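Here is a short briefing to keep beside the viewer.

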Amino acid sequence: MVTRTVNVKPFGPCEPESPTSRRLNLPFDVVALALQGGGALGSYQAGVVEGLAEAGIEPDWVAGISIGAINSAIIAGNPAETRVERLREFWETICRPAYFVPPADAIQAMLEKSPPTIRRAFASFEAWRAILEGQKDFFTPRGMAPWLAMRQSPTEASFYDTTKLRSTLETFADFDRINAGEMRVSVGAVNVRTGNFEFFDNQHGRTRQQMRPEHFMASGALPPGFPAIEIDGEFYWDGGLVSNTPLGHIVGSTPRRDTLAFQVDLWSAVGVVPENVYDVQERLKDIQFSSRTRAITDLMARTQEHRRMLHQLLDQIPAEVRKNDPWCKRAAESACDKSFSVVHLIYQDKEWEGLSKDYEFSLLTMRDHWAAGLNDIRQSLKHPSWRTLPKDGQGFATYDHHRHA
């Protein structure tokens, strides 16, 4: 049974209490996982997933953008008992060069404890290889055609070909399982023609029980590197062009329910002032793709506070008035007594990382990112506040391990 501390009759788009829960006696109807985009940094999210599994926490909704969407396919497309193993196999597959593979593992083992200057040089070399060769079963360069601005179809107008990613996703994710809807999945992409942002969802809308590899590939189709993905006659690009954080989609969904969300970001909005043009470009990426998650959560906190106030005010009005008064009816559409808790995890750059951190796919760096995610979620779960509904009438609460530390 779901443990609850309140039992107030809901108004408007709030869902009644859930009778069962697969989780550790948590007082939430939904446990969600929100995964930001960030290319090669995405193995940090896989480390977080391992930590959640280690703690016995089973999400029932995963929402992702870009590489977060790719991770979402593997998370939802595998049972809990094999999910981490399949994530690891996926990342170990794509973190190898597309063509020539030297005895890299032995070299990387030697470099693991090297000083930052050597690690930076190695990271730059591996990023250069990704640009020239691509990554195994992920993307490969198209040759000279894009550089000569030759006329190409929308699905070929890019520097890299991602055709192999489709079969890779089919290898590591069971799409019948995804479409069965045991875990809700939402991935965001941008319609190239209209510029509109859209979520593909396995439980709602036109993609209900109709999710295919293309929906996840579309969310990660960052131009001009990757091509647009065609879906039902429309072309889609990476959702991070509009919003790289799917948390708003989770919190804004209806019917509203008590929700615990693990927001896993790969870019930090907070950083140092750069002192050279390469650091300027890195900082630009940080700001652009962080999507100001903390600002969004502040706005959501205020919004939820207003919804709870409306709920309390409506509770003071006689039922007959609420039923017939048009203003009460409109207020009931927004009023809600549900609570939202967000555990916010943000990847912290290593000293040796720089501009190429989102396309440096070496196995050594991937394992470092994974370990960082696993450590951060372990440290976050040690704090007791995330286990309970927000106290003192709060409708929205956040916990950030790094901010508290």
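Predicted model: local features only at pLDDT ≥ 70, side-chain atom pairs only at ≥ 80, totals over all residues.

The protein chain has 15 helices and 11 strands, and 52% of its 405 residues count as buried. Among contacts with a separation of 6 or more, 75% link residues 24 or more positions apart.

**The nonpolar core**

- In soluble globular proteins, nonpolar side chains tend to be buried together.
- Here, the largest nonpolar core is made up of 68 residues, and the residues with the most contacts inside this core are Leu 33, Trp 91, Ile 178, Phe 216 and Phe 262.
- Helix 2, spanning residues 67-76, supplies the largest share of this core, with seven residues.
- Another core lies apart from the largest one and has 13 residues, including Ala 34, Trp 61, Leu 247 and Ala 261.

**Helix 1 against helix 14**

- Helix 1 (residues 43-54) packs on helix 14 (residues 363-381) at an angle of about 40 degrees, and their axes are 6 Å apart.
- Because of that angle, helix 1 is oblique to helix 14, and the crossing of the two is right-handed.
- On the helix 1 side, the contact involves Ser 43, Tyr 44, Ala 46, Gly 47, Val 48, Glu 50, Gly 51, Leu 52 and Glu 54.
- Helix 14 answers with Met 366, His 369, Trp 370, Ala 372, Gly 373, Leu 374, Asp 376, Ile 377, Arg 378 and Leu 381.
- By type, the residues of this contact divide into 10 nonpolar, five polar and four charged.

**Helix 1 against helix 3**

- Helix 1 also packs with helix 3 (residues 80-94), at an angle of about 165 degrees and with the axes 10 Å apart.
- That angle is over 145 degrees, so helix 1 counts as roughly antiparallel to helix 3.
- Helix 1 passes helix 3 in a left-handed crossing.
- Ser 43, Ala 46, Val 49, Glu 50 and Ala 53 of helix 1 meet Arg 83, Val 84, Leu 87, Arg 88 and Trp 91 of helix 3.
- The residues of this contact comprise six nonpolar, one polar and three charged.

**Two loop residues**

- Val 192 sits in the loop between strand 5 (184-191) and strand 6 (197-201).
- With a relative accessible area of 31%, Val 192 is partly exposed.
- Not counting residues up to four places away in sequence, Val 192 touches Ala 228, Phe 235, Tyr 236 and Trp 237.
- Val 192 and Tyr 236 are 44 residues apart along the chain, and 5.3 Å separates their C-alpha atoms.
- Arg 257 belongs to the loop between helix 9 (247-251) and strand 9 (259-265).
- Arg 257 is partly exposed as well, at 25% relative accessibility.
- From Arg 257 to Lys 338 the sequence separation is 81 residues, while the C-alpha to C-alpha distance is 5.7 Å.

How values were computed:
Residues numbered from 1 in each chain as written. Heavy atoms only, no water. Core = buried A, V, L, I, M, F, W, Y, C linked by side-chain atoms within 4.5 Å. Buried < 20%, exposed > 50% of the residue type's maximum accessible area, 1.4 Å probe, protein only. Helix = DSSP H or I, 4+ residues; strand = E, 2+ residues; numbered from the N terminus. Axes fitted to C-alpha atoms, helices over the stretch in contact; angles between N-to-C directions. Parallel < 35°, antiparallel > 145°, perpendicular 65-115°, else oblique. Left-handed = near helix turned anticlockwise from the far one by under 90°. Contact = heavy atoms within 4.5 Å. Nonpolar A, V, L, I, M, F, W, Y, C, P; charged D, E, K, R; others polar.
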